[in-house]
Amino acid sequence: MKNRMKKLVVLLAATSMVVQLAGCGGGTGSAPADEAKADTPAATQETEAEAPAKADDTAAASEEEITITIWHQSVADTDPVKKIIEESVTEYHELHPNVTIEQDGVTGEQYKTKIKTAFAAGEAPDISYMFSGGSFVKPYIDAGYLLPIDDYLSPDTKSKVLPGTLDGCTFDGKVYTLPTITFLANLYCNTEMFDAAGAKIPTNWDELLDAVEKLNAAGYTPILMGEKDRWPGMYWYDIISARTASNAAIMEAFGDPAKFNSEGFIMGAQKLQELVKANAFNDNMMSMSYDEMIEGFAAGQGAMVFQANWVHPAFQADTAATKGKVTCVPFPVIADGAGSITEFSGGSSDGYYINANCEHPKEAVEYLEYLSEKIGIVGYQQGAGLPCWDTTGVDTSSLTPLDTESAALMETGTSYISWWDNILSAEDSETYKDLVAQVMALKITPEEFAEQMSKLQPSEFY
Amino acid sequence: MKKILSNKKAITLFVCPTILIMLVIVVVPIFISAYYSMLDWDGLGKGTFVGLRNYMELAGDERFVNSIKNSLLYVFFSLFIQLPISLLLAIVVANVKRGEKFYRTTYFIPVIISGVVIGQLWQKIYNGDYGLLNALLGSLHLEHLQQDWLGQESTALIAAFIPNLWQYVGYHMLIMYAGIKSISPEIYEAATIDGANSRQIAFKVTIPLLKPVLEVCVTFSLIGALKIFDLIYVLTGGGPFFTTEVPTIYMYKTIFDSFHYGYGSAISIFIILECFVFTMLLKLFFRNKEEQV
């Protein structure tokens, strides 16, 4: 009995020592690199320390079994990216038998919680999805959680990315990710309902109000709004203010929020309230979620919805009542507004970022290159968004008319601004979304709204 | 055996693991949270120490005060509506002639369903377009009462509370039921012989003898009410316009949506203290009563 006890204790001590050694491995490994390259950024030091070690026995290293984990938020069956990531796991394993990819996804709002907790606890995956724009990913970069990938990117990859699209992936002069597909918000109209109500697809504000009146008279809900989640309403103010104040004025206001308290932005809130007062939205908008809004439109419960082009697969599914009956147009112009019809909401791209503590950064970046391009091209072919990658020679026969329409709209664009919650800081985004909800509930006046907006913090991601 | 149990060392040895686990997973995190609550921190990078500033801001935060009001209102509903219903059901089910098991199981079913499922269920009941509640009102020709229950400020709070109250009625009923069943039948016989009717038996015999059980129920109900989160989160997410927000939801939103880890931790510490103080008050209240008796 005593002997067994002793053995157990020794065993325990031994295992704990091994664990400690493994834990220290990263730290001691980086020490020589510190001396050799004193001026390399902190985040790359550890990885470079490992790189020479691998070069020594390349043959062995390339055969080494590697597992790379990736977390994402593409879990809806109508989201083509879900399938692309799932397929990439098996495909990539066939291409690189020694690399195994493990993917895991949870839906958007929960993903935000999950990824934050994981990074704080040091349990984040090798590759993680980050929302487009900049304000979401910036705290992670500032905290040193993410790896700049300049040193690993192949020139070949850089040449395949469309010009300008890398800008959104660059922070403080360093590239952190690759673009995938870009999204653009459009006004989606159910042509069947418009025809039945005798309304015209709106090109300007008066026509929009006219269409609302006719649709209401015909017993249709003119516009579906899932304001329980608050961001669908935000999209409306985003675009209305692009029409009333212009994208240029919005960008100025992001830099100097005091400028939000000006005529263009007050007018934007007035226009939104005008729609509310015209009964343009569904009565239960405050309790309807985004998902219910999209499913509702696809089931023919409303005539219009303003959303980004990721909704195409849902609207064109074989089971959707709207299949073949949806057209997309740019948001109507507003006569007295400073904006034009070629100014858009959207234009940025989501990306996948590499953990600074990733053990196999080289392999992770290789997979990132592969995945980003795959999402860019296959995602485009399946109508998930517009490509950030060179699509010369890509088969586009699978594109639906709706996809082609929205791609054509994008080409007319002269300026793009991402969703505001990706530009404003996390806290200000919440404030902004709450304010828009209050405008829509007629709880605050347009002047109060503008006054509150002018108190936000300046932002740098526009 | 007796020898071992009277050995202080042995007791320490046996109690140690539990105490350690409790310390590591319950007590230590509370102290860590208390430390975080004194930081200005986004939860990712480095925080700066700001002392009690977060607490001072909390005191003047209208949204926070409003969330406390909501949760206290819910405490009121739990104690004065939920528990009496549970008690009534417990007494009735314990005295029912046939199908006692059936009723007991039926009332307990909501308790075993996850809060998120119940939330989804009631969301469909309340839905303004196709919800069961509006459909019911429609079939009773009460169209003027149909409304968007969870979407408007006037009804959202009550509508969000009802599923919570409904869910745990069965839970408290079961505890009370077990208490009633453990009361010796001779006492009832004696009461019947003395000519007490069933209402007198309930008020003069059952309820006084049930006091220790009721005390447990009141404590559980109170703490549960102060910590309520999942159902409201699923049903309304705290909206519209914070009308259904309780401190736990506000805490979640500050930490995970607004990235104010320090401020959110201050709220969590407040919730812990709030629960602690209320439990102490309850204890005091019950003890005073005992002394009076």
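**Close-up views of a predicted two-chain model**

**View 1. A residue pair between strands of chain A.** A:Trp71 stands opposite A:Ser128, which belongs to strand 3 of chain A. Strand 1 (residues 66–72) and strand 3 (residues 127–130) of chain A run parallel and are joined by 2 bridges; two strands pair if DSSP finds at least two bridges between them. Strands here are DSSP runs (E, at least two residues), as helices are (H or I, at least four residues), and both are numbered from the N terminus. This is a predicted model, in which local features need pLDDT of at least 70 and side-chain atom pairs count only at pLDDT 80 or more, whereas totals for chains, interfaces and linings use all residues. Residues are numbered from 1 along each chain as its sequence is written, while chains are lettered from A and ligands numbered from 1 in the order in which they are written.

**View 2. The open sheet of chain A.** In chain A, 4 strands form an open sheet of mixed pairing, in the order 2-1-3-10. Strand 2 (99–105) and strand 10 (351–354) of chain A stand at the edges with a single partner strand each, so one side of each has no neighbour in the sheet. On average, neighbouring strands of this sheet are turned by 25° against each other, direction ignored. Helix 4 (residues 80–95) of chain A packs on the sheet and touches strand 1 and strand 2 of chain A, its direction making about 165° with that of strand 2. Two residues are in contact if their C-beta atoms, placed from the backbone, lie within 7 Å. Axes are lines fitted to C-alpha atoms, for helices over the stretch in contact, and angles run from 0 to 180 degrees between N-to-C directions.

**View 3. Two packed helices of chain B.** Helix 8 (residues 153–181) and helix 11 (residues 211–227) of chain B pack with their axes 9 Å apart, at an angle of about 165°. The two helices of chain B, helix 8 and helix 11, are therefore roughly antiparallel to each other, a term for angles over 145 degrees. Residues of helix 8 of chain B, including B:Tyr168 and B:His172, meet residues of helix 11 of chain B, including B:Val213 and B:Val216.

**View 4. The contact between the chains.** The contact takes 22 residues from chain A and 19 residues from chain B. For the complex, the predictor gives an ipTM of 0.75 and a pTM of 0.77. Chain B has a mean pLDDT of 87, with 97% of its residues at 70 or more; pLDDT is the predictor's confidence in each residue, from 0 to 100.

Conventions. Angles under 35 degrees count as roughly parallel, over 145 as roughly antiparallel, 65 to 115 as roughly perpendicular and the rest as oblique.
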